[in-house]
Amino acid sequence: MSFRIGQGYDIHRLAEGRDLILGGILIPHSKGLLGHSDADVLLHAITDALLGALSLGDIGTHFPDTDPLYEGADSIELLKRSYDLVQAKGYQLVNADTTIIAERPKIKPNIIQIRERIASALDIEIEAVSVKATTGEKMGFIGREEGIAAQAIVLLEAK
Ligand code: MG
């Protein structure tokens, strides 16, 4: 059995006048994440982990933020396309473990819905998708609510 692991990290700035999209769902909040795409920091971390597991580069190589094609892009589509690349290389996802680091809003009430969204996008069991949330304990840029970060680790196995 051949296994590969990958990790991803992403961070986006919080700004007024943007929708907060996290894990493919809209979360009501006074600010949203700023970016060329929908700035879904969690999905970007998972996408980077999937690509990284097979040394396929990163989200910026595949979907450059200088390309108008990806302006306002739905990160679920970028995630799906990256997983297509993984599957084309003969691998499938065993599980993903992720952490969102945000001072506000509280993510916990949305976690089940986020897990369902990611599992359905990748056509895997919800048990294979772990989403956790923590805060910055009011310290640093996360604590000051200037941005939200996310980390992801994935395990792939050869099909
Ligand atoms: Mg990003």
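**A conversation about the predicted model**

Colleague: Which residues hold the magnesium ion?
Modeller: This is a predicted model. In this model the magnesium ion is coordinated by Asp10 through OD, His12 through NE2 and His44 through ND1, at 2.1 to 2.2 Å.

Colleague: How are those donor residues spaced in sequence?
Modeller: The donor residues of the magnesium ion follow the spacing D-x1-H-x31-H. Aspartate 10 belongs to strand E1 (residues 3-16) and histidine 44 to helix H1 (residues 41-53), so this pair ties together parts that are 34 residues apart in sequence.

Colleague: Is aspartate 10 buried or exposed?
Modeller: Aspartate 10 is buried, and histidine 44 is buried as well.

Colleague: How accessible is valine 41?
Modeller: Valine 41 has a relative accessibility of 0% and therefore counts as buried. The C-alpha atoms of valine 41 and leucine 22 are separated by 6.7 Å, while the two residues are 19 residues apart along the chain.

Colleague: And threonine 47, where does that sit?
Modeller: Threonine 47 is also placed in helix H1. The relative accessible area of threonine 47 is 0%, so this residue is buried. Not counting residues up to four places away in sequence, threonine 47 touches Ile59, Leu78, Leu79 and Ser82.

Colleague: How do H1 and H3 lie against each other?
Modeller: The axes of H1 and H3 come within 9 Å and cross at roughly 10 degrees. The two helices, H1 and H3, are therefore roughly parallel to each other.

Colleague: Which residues meet there?
Modeller: From H1 there are Leu43, His44, Ile46, Thr47, Leu50 and Leu51, and they meet Ser75, Ile76, Leu78, Leu79, Ser82, Tyr83, Leu85 and Val86 in H3. By class, the contact of H1 with H3 has 10 nonpolar, 4 polar and no charged residues.

Colleague: What about H3 and H4, at what angle do they pack?
Modeller: Helix H3 (residues 75-88) packs with helix H4 (residues 111-122) at an angle of about 45 degrees, and their axes are 9 Å apart. That angle makes H3 oblique to H4. The crossing in which H3 passes H4 is right-handed.

Colleague: Which side chains are involved, and of what class?
Modeller: H3 contributes Ile76, Leu79, Lys80 and Tyr83 to the contact, and H4 contributes Arg117, Ile118, Ala121 and Leu122. The residues of the contact of H3 with H4 divide into 6 nonpolar, no polar and 2 charged.

Colleague: Changing topic, which peptide bond is cis?
Modeller: The bond from arginine 104 to proline 105 is cis, with omega near -5 degrees. As background, most peptide bonds are trans.

Colleague: Where is proline 105?
Modeller: Proline 105 is found in the loop between strand E5 (91-101) and H4. At 14% relative accessibility, proline 105 counts as buried, because buried covers values under 20%. Apart from neighbours within four places in sequence, proline 105 is in contact with Leu20, Ile27, Pro28 and His29.

Colleague: How far is proline 105 from valine 86?
Modeller: Proline 105 and valine 86 are 33 Å apart in space, C-alpha to C-alpha, and 19 residues apart in sequence.

Colleague: Which residues other than glycine have a positive phi?
Modeller: Serine 55 is one of them, with a positive phi of about 50 degrees although it is not a glycine. Glutamate 145 is another, with phi near 60 degrees. In general, most residues other than glycine have a negative phi.

Colleague: Is serine 55 buried or exposed?
Modeller: Serine 55 is exposed, with a relative accessible area of 61%. This serine 55 is placed in the loop between H1 and helix H2 (59-62).

Colleague: And where is glutamate 145?
Modeller: Glutamate 145 lies in the loop between helix H5 (140-143) and strand E7 (147-158). The relative accessibility of glutamate 145 is 21%, so this residue counts as partly exposed.

Conventions:
Residues numbered from 1 in each chain as written. Predicted model: local features only at pLDDT ≥ 70, side-chain atom pairs only at ≥ 80, totals over all residues. Heavy atoms only, no water. Axes fitted to C-alpha atoms, helices over the stretch in contact; angles between N-to-C directions. Helix = DSSP H or I, 4+ residues; strand = E, 2+ residues; numbered from the N terminus. Parallel < 35°, antiparallel > 145°, perpendicular 65-115°, else oblique. Left-handed = near helix turned anticlockwise from the far one by under 90°. Contact = heavy atoms within 4.5 Å. Nonpolar A, V, L, I, M, F, W, Y, C, P; charged D, E, K, R; others polar. Donors = N, O, S within 2.8 Å, 3.2 Å for Na, K, Ca; no water. Buried < 20%, exposed > 50% of the residue type's maximum accessible area, 1.4 Å probe, protein only.
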